[in-house]
Amino acid sequence: PEEPAELTQLAREKLRADFLSADLGITGANFLLADTGTVVIVENEGNARMTTQVPPVHVVIAGIEKILPRAADLLLFLQLLPRTGTGQILTSYLSFISGPGWGASPMINGAARSFHVVLLDNGRMAMRDDELLSEALYCIRCGGCMTVCPPYQVVGGHVYGGPTYHSGIGNAWEAGVRSLDTAADFNALCTTCSRCQDICPVKIDIPWINTVIRERIALQRFPQRGLIERLVYDRVLPVQEDGSVSLEKRLFSDPARVYAMSRQGVWSNLMRFRPARAVLSRFVGLSSARTLPLPNSETLAEWHRRRGGRVVKTRYQVQRLSNDRRGSTVFLFADCHTEHVDTDVGKAAISCLEKCGKGVVLVAGQCCGRGALSQGLLETASRQAKKLQELLAPAVKTGQAVVGIEPSCLSAVVDDHAKLLPGSDAAEVASGTFEVLEFLLAELSAVGAAMDGGETSAWTPVPDGRLSPLVLHGHCQQKTLGWLPAAVKLLGSIPGMEVQVTSAECCGMAGSFGYKGDYYPISEELGRRLMTELDELAGAANQARGVQMTCGYLACGTSCRAQIADIGGCEARHPVELIDQRLTKR
Ligand code: SF4
């Protein structure tokens, strides 16, 4: 049968007989209350309750991390678990078991009921002593991280997970209760998109845990560099790690260097020839269906300097320009992608900031470390982060705003740098760093300009009063770090503008993930799903208007735009480009 009602009836008929004839029932537990000795089971189907009630012997097998000190602590968790797991306020069945025969006769068929609790360590005490993995012990198994995990949505738990637990948090459990070797089987499926971090009710930093596990796996497997690596790789794409680091990891960990090589013609010439691409696919793991983005002939910094703008690359230069007490200077962090590839996005951002009366100082030439982080190269990422922090800290410490464009790079600055550089100024820098649309909205709102289409409107009027409908796809980190609402509000304040937002968690490109041959099929499938949603939203927008207009696609992430171009064959723009077209000078 395929209908839910028929399936339920079949299960009921088959399972009921098994329940009634069983000598022993085994359950897990969602929580164990230490002060009352109570086992708490949360479920929707009623099967667990039958297992505890019908057979004469009930055995509970539960991990020691399920123990709560007091019954009074339970209420909070009973709210967190179903809300994130199934979207319910309360589940259908909630069982409290404090001994044999609870709520039923202590005897069954003339025999006394019995009740046994097996507390399972199985690596958990060792996890508790591991500063990184101990965080996973807070997991209440709500399953929320699985629901939102993009690769898991495509491949499921048999591929993305071990026997213990699946998807993102499965990495920590696999590494903790089994081994790094078995965790390595699926660790690379974590794109560190951070959607799980957002939904987790106990706020476990799953992407960070998976990144560190990635590093541990590499250190365990490849502790020594080979000769070719030392003679060739280290000269072309150096890294800070002591052990062996593959060419693939090196390539994706240093976008600034790769773009610089491209500008010298190395990359573009290689990519032009099919055999060279085949070799790259073989040694670098690059999907033959992808081409790496090629840089523009002029960087954003060169353009800005050519038009008389200020560009800083050293701490001294930043300090010298950080003495603006009027609040009219903004330090715009040019991430590697904006600096080399998406220069038009950078130009639009500078233009918008200048229209808001800001003098823009471009901080260029220093990678944030996002690429190295994604490869689990924490030493390299730390070094890159330290250098960027040295540039940004003097500006923030003197009260200047730092603004960034690319969400993944910006998230490295405001979220990951403090973890990479404990005890540094990274948290203070994060507090003074803003996403560009968030910053523009605040600036325009401060003068009451963004919110209306009247006299004070910040926007150039549209001749017929109507713009093409727009569909915005939010970048993963843009959503996790709460920047998406500002983008929607800012775009929505443009008169005649209608913006719809996709519900897709991730475009599937996820930085380097979608470029790798091993993961291209997953990336492609996620990209197709996004394109389907984009097209449906565009069609619905046109239907609502009763006219056929070309719908514009918007995406803040460089990899989201690349994915839409590769899979959908159409262009997506950064919202700041569109805002620049409509924003008037203040
Ligand atoms: S890691 Fe967080 S979201 Fe995932 S199952 Fe555990 S508690 Fe739920």
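A cavity is a set of grid points where a 1.4 Å probe fits but cannot get out. In this predicted model, the largest cavity holds about 130 Å³ of space. The count of cavities of 30 Å³ or more comes to five.

The lining of the largest cavity is made of 16 residues. Pro 207, Arg 370, Asp 415, Asp 416 and Gln 477 lie nearest its centre. By class, the lining has seven polar, five charged and four nonpolar residues. Four helices each supply at least two of the lining residues: helix 10, helix 20, helix 22 (407–420) and helix 25 (476–480). Helix 22 gives the most, with four residues.

The chain is assigned five domains. Domain 1 spans 22–120, domain 2 spans 124–221 and domain 3 spans 231–284. Domain 4 covers 296–446, and domain 5 covers 447–586. Taken over C-alpha atoms, the centres of domain 2 and domain 3 are 29 Å apart.

The second largest pocket has a volume of about 400 Å³. It is lined by 20 residues. Closest to its centre are Glu 65, Lys 66, Ile 67, Leu 137 and Tyr 138. Domain 1 and domain 2 both give residues to this lining, so the pocket lies between them. Strand 5 (67–68), helix 3 (74–85) and helix 4 (124–128) each supply at least two lining residues. The lining of this pocket divides into 14 nonpolar, four charged and two polar residues.

Nonpolar residues also form cores. In soluble globular proteins, nonpolar side chains tend to be buried together. The largest nonpolar core here has 49 residues. Within this core, the residues with the most contacts are Leu 133, Ile 169, Trp 173, Ile 213 and Leu 420. Several helices each supply at least two core residues, including helix 5 (144–148), helix 7 (167–177), helix 8 (180–183) and helix 10 (206–221). The largest share, six residues, comes from helix 10. Helix 10 also supplies at least two residues of the lining of the largest cavity.

Ile 169 shows some of the contacts in detail. Leaving out residues up to four places away in sequence, Ile 169 touches Ala 136, Cys 139, Cys 145, Ile 204 and Ile 206. Another core, of 45 residues, lies apart from the largest one. Among its members are Ala 349, Leu 437, Leu 490 and Leu 554.

How values were computed: Residues are numbered from 1 along each chain as its sequence is written. This is a predicted model: local features need pLDDT of at least 70, side-chain atom pairs count only at pLDDT 80 or more; totals for chains, interfaces and linings use all residues. Side-chain values use heavy atoms; hydrogens and water are left out. On a 1 Å grid over the protein atoms alone, a cavity is a set of points where a 1.4 Å probe fits but cannot get out, and a pocket is an open set with protein on both sides within 12 Å along at least five of seven lines; lining residues have an atom within 4 Å of a point. Grid points are joined across faces, edges and corners, and a volume is the space filled by probe spheres set on the points. Ala, Val, Leu, Ile, Met, Phe, Trp, Tyr, Cys and Pro count as nonpolar, Asp, Glu, Lys and Arg as charged, and the others, Gly among them, as polar. Domain bounds come from an automatic or database domain assignment. A nonpolar core is a set of buried Ala, Val, Leu, Ile, Met, Phe, Trp, Tyr and Cys residues joined through side-chain atoms within 4.5 Å. Buried means under 20% relative accessible area, exposed over 50%, partly exposed in between (1.4 Å probe, protein chains only). Contact means heavy atoms within 4.5 Å.
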